[in-house]
Amino acid sequence: MSRRYRPLILAAVLLVGLCMALWVSSAPGNDGQAGLDRADDPRLHQGSAPTSTVIASPRPRQFTMVAVGDVMTDRNVGKAIRANGMRSILARVADLTSSADVSFANLECPLSTEGPHDPANCCFRARPETVQVLLHGGFDIVSLANNHSLNAGRAGVLQTLQTLDRNRIAYCGARYDRDKGGEPTFLTVGDPPVRLGFLAATDLSFEHGSYNKVAADRSNLVAQIRSTRPQCDLLFVSLHWGDEYQNMPNQRQRNTAHILVDAGADVILGHHPHTLQGAEVYRGKLILYSMGNFVFDQREGERMESAIFYLKWIEGWGWQVFAKPIWIPRSRMGPIYPSASRRDKILARLQRISEPLGTRWLIQGGKAWLEVPASAGAKTAHVPTAAAY
Ligand SMILES: [Zn+2]
């Protein structure tokens, strides 16, 4: 590095550090522990430091996003909805999940009145009206590439798509034409606008099949990524993969994630294990291997303890991410914010399972924080190993 540029680079590093500190103290869902209320925080709306000494520059493009894991509104969740109402499920967390520019979840059941239904044997089919749970949580897009979307057969998928369309919730991983499940979905958010692309696929063999299954050599999903990436500013790839109830991603998940990033994925949103798996930053891209359950009715313990992932992207700066712990008491079948001891246990687990993936979160204010600078992608040269392919 030339001496001439050292002061400039130092100033830039300090500025990014200062912004991270401001973000940590003032982000939404911070329980009023520090900083400004989100609605009053000009930085969250204007994207530049709130000081009159800063020379006016074009506002960088930016947006915020919420990402959560599995949502299933059948079985015991369906019973809780019948007993307590649609809004009982997300009553405690809807403020946060609906506060972002775009909110994503994995919808782990068809919304249909037709097709097989055997919830005791994990063949799910939830009432179409339960789409109200997603609407209450402010969800804009759901993944349908999972092992339950086809539980009620093709009729169930079609009614699910109609239900989501009627309620203006976008989806990825399934289409009315089953051969087009690998088509991307685009959403435009923010001002100036940012165009987001979404692809969703399953990477396991499931009894009921999938409209977009990853090939053994991943070539089909890689081709989808390559053709979609030039059509958007950022590309999210939702993956239903891995081993159930395992905290660590398996080697196939890790190799797949790296291959998909190399092909052009910007963020990988993983699910299926029903428990949290760690986060990895690979070539400057965020990989959330499994976001765990968000609305589900499994056994209490790690399966019912996960997090809401809140991401903020600023063009040229990269990502600021926090994970806010939640847990799902079976008494209500919807996520709530845990007491301090359970919250800290979840945060410690997230840290413990992310460290072997090279990720260290900053634990502060009841959340885990992670910064992924835009420049990070340039730092790591990827040398693919034979095993990766
Ligand atoms: Zn699954």
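Two exercises with worked solutions follow.

The structure is a predicted model, in which local features need pLDDT of at least 70 and side-chain atom pairs count only at pLDDT 80 or more, while totals for chains, interfaces and linings use all residues. Residues are numbered from 1 along each chain as its sequence is written.

**Exercise 1.** Describe the largest nonpolar core and the surroundings of Leu 288.

Solution. Begin with burial: 44% of the 389 residues of the protein chain count as buried, a residue being buried if 20 or more other C-beta atoms, placed from the backbone, lie within 10 Å of its own. Next, a nonpolar core is a set of buried Ala, Val, Leu, Ile, Met, Phe, Trp, Tyr and Cys residues joined through C-beta atoms within 7 Å, and the largest has 95 residues, with Ala 67, Ile 268, Leu 288 and Phe 309 making the most contacts inside it. Finally, leaving aside residues up to four places away in sequence, Leu 288 touches Ala 67, Ile 268, Leu 269, Gly 270, Ala 279 and Phe 309, where contact requires C-beta atoms, placed from the backbone, within 7 Å.

**Exercise 2.** Work out how strand S15 pairs with S13 and with S14.

Solution. Strands are DSSP runs (E, at least two residues) numbered from the N terminus, and two of them pair if DSSP finds at least two bridges between them. Strand S13 (residues 318-327) pairs with S15 (residues 367-373) in the antiparallel sense over six bridges, and Val 321 has Leu 370 in S15 as its bridge partner. Strand S14 (residues 362-364) also runs antiparallel to S15, joined by three bridges, with Ile 363 partnered by Ala 368 of S15. Lastly, S14 and S15 form a hairpin with two residues between them, and Gly 365 in the turn has a positive phi of about 60°.

Technical notes. Buried ≥ 20, exposed ≤ 12 C-beta atoms within 10 Å, placed from the backbone. Contact = placed C-beta atoms within 7 Å. Helix = DSSP H or I, 4+ residues; strand = E, 2+ residues; numbered from the N terminus.
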